[in-house]
Each structure stands twice: as structure tokens, then as C-alpha cells.
Amino acid sequence: MPSPHVVIIGGGIAGLTTAWALAARGVRPLVLERAARPGGVILTEHIDGFTIDGGPDALLIQKPAALQLARELGLGERLFPTLPPRTAFVLRGGRLVRLPEASFLGIPTRIGPFITTDLFSWPGKIRMGLELLVPKRLSNDDESIGSFMGRRFGREAVTYLAEPLLAGIHAGDVDRLSMRALFGRLLEAEHSHGSVIRALRSLKMPASPHGAFMSLPGGVGELVDALVAALPAGTIRYGATAAAVEGAGPYRVHLEGGEALEARAVVLSAPAWATAPLLDGFDAGLAAFCRSVPYASTATVALGFRRDQIGHPMEGSGFVVPRAERTALMAGSWITSKWPMRAPEGMALIRGFLGGAGDPYILDRSDEELRRATLEEMTALLDIRGEPVVSRVYRWPRASAQHEVGHHARLAAFDARLTAHPGLFATGSGFRGSGIPDCVADARKVAGEVAAFLGSESE
Ligand SMILES: Cc1cc2nc3c(=O)[nH]c(=O)nc-3n(C[C@H](O)[C@H](O)[C@H](O)COP(=O)(O)OP(=O)(O)OC[C@H]3O[C@@H](n4cnc5c(N)ncnc54)[C@H](O)[C@@H]3O)c2cc1C
């Protein structure tokens, strides 16, 4: 194969999308992937008729970049939404309580459903309603999700909404994660309307007929398979670990084992912590930023049962668990209630989500301990009888980037420093965007910048 124009370090969704977008522009990319398979944290397995997503299982509709990519890869007809009823539950006092309808990320957009819910105490409900009267903050500085939600909606909303929902989807700490990096639109809502509730109501968002998420019959892994199939043969090298970057157009990428590759441009798309050592001898400032991005570790445990083993109706997509409830589970998904085609007829698949910033030693436990803990808690909550017919444990060490307060400002300094190295680019969840849609959108943007750089170089 002729030598590549661009070496991409990391074959997760960010690196693969960058490669695909570059190849479509006639650029020759080479993806170096440390593992023996593509996709990074995206992993789908097919076991005994069950389709199990070990990592991500949902593509957000509101951020359409991932769905758009799926359509461009010919998967448009295969995308399907979550099954109704599209509700979720929150564990409070050991009981699963339905999240009130008419909410956006748990924030009320209509009063009625919030008055009747058991999820909040009366003082808590009144405090949330007073959000309409809380003056807007004048400072434009970043703040944590906990600070923003506590200021606007009160502490109970932080404990039972913001922490399990807004921080929980990032496996993060509600008092550390950045509002600006993760929920900038809510900050803007406060500034434009003086109240988040007022802003959400003024949007008069028609309820999406498809709910909030979509997936594919073969799991999210189908997106990775389609990307890989669309790349020119030989674009990905598996079992290839980048060890150091040096030079300045051409760059040299050293691999573990001693080999070195030359390319006019390099895209860093491994996790930030894995990128840091590559840059130590190259630019200590860039390496320091990469090292400063914290990551949380998680595990998911998938359990398959006969449907008649589970007493709970599981009418919804699953539940989240506030840390105040002191359980090992952070969340549980009722996969076969959430998605079609995930289990054989008469069977049910559920999945527990453990670890995160609040439980940093989760992966010290053995697979069997994780499986037991999940089974015990699910058994109590869902009235399960007997053992699962299928169980799988997935370990995700340092897989969830934590965009903490100030992330955007630190990233801006990193980006400014990157411009001192023309032809060097960075993308992926450690840098910009923390879910699949954001990673796809940023990867496509970066691919455009790489192509423009190569074009300007050859002029
Ligand atoms: C359990 C879990 C559930 C999630 N659920 C959802 C969800 O439902 N929806 C959603 O949108 N998002 C979800 N996310 C987030 C989303 O999956 C990630 O943000 C996204 O997939 C990250 O992609 P990435 O390419 O940036 O990184 P990664 O997927 O981490 O890929 C980085 C790649 O770099 C490779 N690598 C590392 N070091 C080197 C090296 N030195 N040389 C070569 N290769 C290297 C790694 O092996 C890896 O393949 C979830 C995340 C987790 C962990």
C-alpha cells in the first residue's frame, strides 16, 4: 500500500469517521488501532439470539450527526426509534418512580405532571417552580451542573434529577462536570429568557414522534461495521499502538515495537490520557492538557432471562439511580422494552450500569462480583425469579471523559497551542464532544480541516 497522507491514532468512532470523511475526499488515511477490533467503546455482541450492546446503545435524535452518518452509510432504512412508552424511572426511597412527563432532561416544561409526581417532596416541587422567579446569574463564568441546577431549581432537583440524569449519562460527578461543555444550551436559556422553564416553554418544541433515541437492528456496532466496510482495504492496522509523535510535516509516528511511519498530517483520536505520553517529548504543554482530562471507569452487566422470570412490567426504557440511594447500580436499562429485536421471542434482556466518578474502584471487583451485585439489585427491584440464561460483563477502564468546569477554556488553550504544529489535529471524546453524535460531528469537521491543510500544502 502506498504511504498514507494522514496517520490517525485511535480507531474509535472519532478516528473511523475522520478516516471515512478523508477517504471520501481522496485523501489516503491510515488508522492505527491498539486493539484487535475497531470501534473503541462501541461493542455489540450476538449471543444465543440476544443482541447485546456492551457500551453505547443509543443515538440521540436531537443531535443528528450520528444518524446522518448512518444514512450516508446506507443504514437509513435500518434506523429505528425506542419502543413506547418512552418513559424512564428514578429510584427514590428504594422504589422506582416514573419521571414526570413534559420534561426536557428532567426539567419541567408543564406544571401538571410535576404536581402529581411522587418523585419530589412538596417543598422540592415549590422550589422547582420558583425557578421562574430566580434572577439570572450575571457572571458568564463556567459552573458545575450541580451549581447551576441547585441555583435554579434547588437541591432536591440536583439529587433526584441533575445527578442521576445529567451527570449520570456522563458517569460523572454533578459538582464537577461543566455546564458550558455539556449543557451549554441550558446556560443560554437562562441568559436569553431569565428562566430555563420559560425558555423551554417558549420553544414550544413539538414532541418528537420518535422519542429521543434511535438504534440499529444489529446494535450500535452496526454503525462501526458499516464505517469499516466503507473504508478502502488496508486503511486500519489493528494491534498497532502509537508510542510517540515527532517531526513537523512530515511527522513521524513511532509504534510500539520500533516501527516508524511518516505522514504529512497526524490526527490524535485516542483517549486524552492515552494521547499524553505520545506528546511528552514533542510538546509538553499539549501533553499536560491531555493528562489533565479526567476519565471515569464503568462496567455494564447484561442479563438475559425468560420473560416470565421477571415480575415487573418494565414499561419504559429503564431507570436511573441517585447516589443518595447508595446502591451499586448507577442505572438500569430494560433493553427489550426499550428496543425491538434484542432477544429471542419470550425472552427479556436487561442491563446494569455500574461505576462512574462516584465509584472509582468499581473495576477492582471481579466479573463474577459485578454480575452478582447487578443480579441481586435487579432481582430486588424487578421481582426476578432465578438465574439469568445469559450474562455478560463489560469492563470500561478510563473510558468516559469528564469535561469538568473550565474544560472549554483549557481546550481553547490546547487548540491555540496546536496551531503551532501545522498538520497536527485532535478529535474524540477527550477533547470535544462526549457522546457519539458529538464525536462524529467533530471528526467530520476535523477531516475538513485536514483536507484543507493538505490542499494548501500542495498548492
Ligand atoms: C459504557 C458506555 C456507554 C455509553 N453510552 C452511550 C450512548 O448510549 N450514546 C452515546 O452517544 N454515547 C455513549 N457513550 C459515549 C460514547 O460511546 C463515546 O463518547 C464515544 O464512543 C467515544 O469515541 P472515541 O472515538 O472518542 O473514543 P474511544 O471509543 O475510546 O476510541 C479510542 C480508540 O483509541 C485506541 N487507542 C488508545 N491508545 C492508542 C494508541 N496509543 N495507539 C493506537 N490506538 C490507541 C483505543 O483502543 C480505542 O479504540 C458511552 C460510553 C460508555 C463508556
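Of the 37 residues around the ligand, which come nearest?

1. Gly10, Gly12, Gly40, Pro56 and Gly428 come nearest among the 37 residues around the ligand, a residue being near a molecule if its C-beta atom, placed from the backbone, lies within 6 Å of it. This is a predicted model, in which local features need pLDDT of at least 70 and side-chain atom pairs count only at pLDDT 80 or more, while totals for chains, interfaces and linings use all residues. Residues are numbered from 1 along each chain as its sequence is written.

2. The shell around the ligand draws at least two residues from each of helix H1 (13-23), strand S2 (29-33), strand S17 (295-306), strand S21 (390-401) and helix H15 (436-458), where helices (H or I, at least four residues) and strands (E, at least two) are DSSP runs numbered from the N terminus. Because domain 1 (6-41 + 218-293 + 403-458) and domain 3 (295-401) both give residues to this shell, the ligand lies between them; the domain bounds come from an automatic or database domain assignment.

3. Tyr394, found in strand S21, is buried, with 20 other C-beta atoms within 10 Å (buried requires 20 or more such atoms within 10 Å of the residue's own, placed from the backbone). Leaving aside neighbours within four places in sequence, Tyr394 is in contact with Leu43, Gly54, Gly55, Ala299 and Thr300 (contact: C-beta atoms, placed from the backbone, within 7 Å).

4. Strand S3 (residues 44-47) and strand S4 (residues 50-53) pair in the antiparallel sense over 4 bridges, pairing being called if DSSP finds at least two bridges between the strands. In this hairpin, which has 2 residues between the strands, Asp48 takes a positive phi near 50°.

Conventions: Buried ≥ 20, exposed ≤ 12 C-beta atoms within 10 Å, placed from the backbone. Contact = placed C-beta atoms within 7 Å.
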